Amino acid sequence: MKRQTVAGDSRLTILGVIRGLVSEAPLLEAALEEIRPEAVGLALSTEEVQGLRDYFVGKDAEPFVPILGSEAAEIRVLSQFGEVRIPHPSFLAAVGWADAHGVPTLPVDPNEEIYAEMFGSTIGYTELVRRTLRERRLLRKPPHVDSAEGFVLFWDHTLNGRGASRRLAEKRDAAAALEVQTLRRRYASLAIIAERERTEGLARALAASPA
């Protein structure tokens, strides 16, 4: 887990967790216990947060979760570094911690409709083909890495590190930063839970957005 501070705001902390890795959840819970934020922001859409609550939080049985080929490839690599589960154990842990402490959990990413508009206005046909080819290369030959963090950073950089894909990621982070700043006007302290590969981008967007 990576703890990322935001320039100019000591009461705002980003906690970057590795997607799917079970061992990240207790580290996140310990960080939340230390920070004791007044609210927890989740770098997920409204629909994703609602899905976690509807199907996974406090349920005796979990539904079957289908996975994509790219997700299966990620799981195979990440399983070298520990147990992997779907959905994201750390996001479930964040919701559980917040509920136990009477702290609100709030989505900060654009909802599905807005993100679809972002995608459509940013990713043209040529870039879509390039993204597909990059993903297929990763599926055929996943990288050899020595850490889970190194893997997720390499994976993200390969898929989203250039061109229109990079611009799309920056647009999403900028939209999330605006929502976070709105929440900061309501809560004295805030912790944002995000996937590890997004922590630096979110921190840059937050530092650049109006407080």
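**Close-up views of a predicted model**

Strand 3 (residues 39-42) runs parallel to strand 5, and the two pair over four bridges. Helices (H or I, at least four residues) and strands (E, at least two) are DSSP runs, numbered from the N terminus, and two strands pair if DSSP finds at least two bridges between them. This is a predicted model, in which local features need pLDDT of at least 70, side-chain atom pairs count only at pLDDT 80 or more, and totals for chains, interfaces and linings use all residues. Residues are numbered from 1 along each chain as its sequence is written, and side-chain values use heavy atoms, with hydrogens and water left out.

**View 1. Strand 5 and its parallel partners.**
Start with Ala39, whose bridge partner in strand 5 is Leu190. Strand 5 also pairs with strand 2 (residues 9-17), again in the parallel sense, over six bridges. Look for Thr13 opposite Ala191, and for Leu15 opposite Ile193. How many of the six residues of strand 5 are buried? Five are, and strand 5 is mostly covered. Here buried means under 20% relative accessible area, exposed means over 50%, and partly exposed lies in between (1.4 Å probe, protein chains only). A handy rule for viewing strands: in a regular strand the side chains alternate between the two faces of the sheet.

**View 2. The hairpin of strands 1 and 2.**
Now follow strand 2 to its other partner, strand 1 (residues 2-6), which pairs with strand 2 in the antiparallel sense over five bridges. Strands 1 and 2 form a hairpin with two residues between them. In the turn, Gly8 has a positive phi of about 85°. Strand 2 is largely enclosed by the rest of the structure, because seven of its nine residues are buried.

Side chains of opposite charge can pair when their charged atoms come close. A salt bridge is a side-chain nitrogen of Lys or Arg within 4 Å of a carboxyl oxygen of Asp or Glu. The whole structure holds 13 salt bridges. In this view, Glu74 and Arg19 form a salt bridge, with their closest N and O atoms 2.4 Å apart. Glu74 sits in helix 3 (residues 69-78) and Arg19 in the loop between strand 2 and helix 1 (24-35), so the pair ties together parts that are 55 residues apart in sequence. Is Glu74 buried or exposed? Glu74 counts as buried because its relative accessibility is 8%, whereas Arg19 is partly exposed at 22%.

**View 3. Glu197 in its loop.**
Glu197 lies in the loop between strand 5 (190-195) and helix 9 (199-208). With 12% relative accessibility, Glu197 counts as buried. The side chains of Glu197 and Arg19 are joined by a polar contact of 2.7 Å. A polar contact is a pair of N or O atoms within 3.5 Å; within protein, one must be able to donate a hydrogen and the other to accept it, and residues adjacent in sequence count only if both atoms are side-chain atoms. Which residues touch Glu197, leaving aside its neighbours within four places in sequence? They are Arg19, Val152, Leu153 and Asp156, where contact means heavy atoms within 4.5 Å.

**View 4. Helix 4 and Val95.**
Val95 has its place in helix 4 (residues 89-100) and counts as buried at 1% relative accessibility. Beyond its neighbours within four places in sequence, Val95 is in contact with Leu42, Arg53, Val57 and Thr105. One of these, Arg53, also forms a salt bridge with Asp99 (2.9 Å, N to O). This pair links distant parts of the chain, with Arg53 in helix 2 (residues 46-55) and Asp99 in helix 4, 46 residues apart. Arg53 is partly exposed at 28% relative accessibility, and Asp99 is partly exposed at 40%.

**View 5. Helix 6.**
Val129 is found in helix 6 (residues 125-140) and counts as partly exposed at 32% relative accessibility. Together, Tyr125, Val129 and Leu133 make a nonpolar surface patch of about 310 Å². Such patches are made of residues with over 30% relative accessible area and no salt bridge: like charges are joined within 9 Å, and nonpolar side chains (Val, Leu, Ile, Met, Phe, Trp, Tyr) within 5 Å. The accessible areas come from the Shrake-Rupley method with a 1.4 Å probe, and for residues only the protein chains shown count as cover. Finally, find the salt bridge between Arg134 and Glu127, whose closest N and O atoms are 3.0 Å apart. Arg134 and Glu127 are both buried.
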